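I set out here, in order, what I looked up in this structure.

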Amino acid sequence: MFDTKIAIVLRNNLASWQKLNVTAFLMSGLAGENPEIIGEAYKDRAGNLYHPLSIQPIIVLSAEGETLSAIHRRSLERGISSSLFIEEMFATGHDAANRAVFAEYAPDDAKVVGIAIRAEKKIVDKITKGATMHQ
């Protein structure tokens with residue numbers, strides 16, 4: 001049904017609250033960059049309106065740190081835009097601080113805890129090779 005695939009890959013040793021936090025931040029980045037993935041508002045039988053959601057499924061995967069770094073590298077090598085969350089962002093409290101700490105790292109030394117990508121299905125599968133379904 002969809003030519004593209006959305007995948008979020010999380011480092012497998014994060015606390016539950018961190019997994020949820022990172023997933024939310026990463027998906028907001030994808031939605032901000034790809035507004036066409038957001039559908040129409042939802043309306044219940046009583047007429048209450050709710051925010052629109054993603055029009056396509058989102059797969060959440062898990063990987064060890066080394067695999068996550070390889071996924072990050074492969075996305076850059078293929079020129080695939082991504083949302084990225086690094087470990088140091090847990091110590092900040094707002095967007096400007098997140099961007100400041102993020103700017104201190106390069107792909108070779110970033111401690112990636114999560115990445116989200118949207119691309120052609122085959123490309124996403126190749127980039128996320130080594131990751132497994134999140135448990």
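**Entry 1. Strand pairing.** I began with β1 and found that seven bridges join it to strand β6 (residues 112-120), the two running antiparallel. Two strands are taken as paired if DSSP finds at least two bridges between them. Helices (H or I, at least four residues) and strands (E, at least two) are DSSP runs, numbered from the N terminus. The model is predicted, so I note that local features need pLDDT of at least 70 and side-chain atom pairs count only at pLDDT 80 or more, while totals for chains, interfaces and linings use all residues. Residues are numbered from 1 along each chain as its sequence is written, and side-chain values use heavy atoms, with hydrogens and water left out.

I then looked up single partners. A7 has I117 as its bridge partner in β6. On the other pairing, six bridges join β1 to β4, and these strands run parallel. There, R11 stands opposite A63 of β4. I also checked the cover of β1 (residues 4-11): six of its eight residues are buried. Buried means under 20% relative accessible area, exposed over 50%, and partly exposed in between (1.4 Å probe, protein chains only).

Entry 2. Where does Q56 lie? I found Q56 in the loop between β3 (49-50) and β4 (58-63). Q56 has a relative accessible area of 5% and is therefore buried. Leaving aside neighbours within four places in sequence, Q56 is in contact with F2, T4, K5, I6, I37 and R118; contact means heavy atoms within 4.5 Å. A polar atom of the Q56 side chain lies 3.1 Å from the backbone oxygen of T4.

Is R118 buried or partly exposed? R118 counts as partly exposed because its relative accessibility is 22%. Its side chain makes a polar contact with the side chain of Q56 at 3.4 Å, and a polar contact of 3.0 Å joins the side chains of R118 and E36. A polar contact is a pair of N or O atoms within 3.5 Å; within protein, one must be able to donate a hydrogen and the other to accept it, and residues adjacent in sequence count only if both atoms are side-chain atoms.

**Entry 3. The nonpolar core.** I looked up the largest nonpolar core and found 31 residues, those with the most contacts inside it being V9, L26, I115 and I117. Such a core is a set of buried Ala, Val, Leu, Ile, Met, Phe, Trp, Tyr and Cys residues joined through side-chain atoms within 4.5 Å. The elements giving two or more residues to this core are β1, α1 (16-33), β4, α2 (65-77), β5 (82-86), β6 and α4 (121-127). β6 gives the most, with six residues. In soluble globular proteins, nonpolar side chains tend to be buried together. For I117, I noted contacts beyond four places in sequence, among them A7, L30, I80, V124 and I127.

**Entry 4. Aromatic pairs.** How many aromatic pairs does the structure hold? I found three. Rings of Phe, Tyr and Trp (its six-membered ring) pair if their centres lie within 6.5 Å; planes under 30 degrees apart count as stacked, over 60 as edge-to-face and the rest as tilted. W17 and F90 form an edge-to-face pair, 5.6 Å centre to centre with 65° between the planes. This pair links W17 in helix α1 to F90 in the loop between β5 and α3 (95-102), 73 residues apart. W17 is exposed, with a relative accessible area of 53%.

The rings of F25 and F85 have centres 5.8 Å apart and planes at 55°, so this pair is tilted. F25 in helix α1 and F85 in strand β5 are 60 residues apart. F25 is partly exposed at 41% relative accessible area, whereas F85 is buried at 3%. Ring pairs link W17, F25, F85 and F90 into a cluster.

**Entry 5. Helix α2.** The 13 residues of α2 should span 18 Å, and the end C-alpha atoms are 18 Å apart, which agrees. The buried residues of α2 are L68, A70, I71, H72, R74 and S75, and what covers them includes β1, β4, β5, β6 and α4. G79, whose phi is positive, near 70°, follows α2.

Technical notes. Expected span 1.5 Å × (residues − 1).
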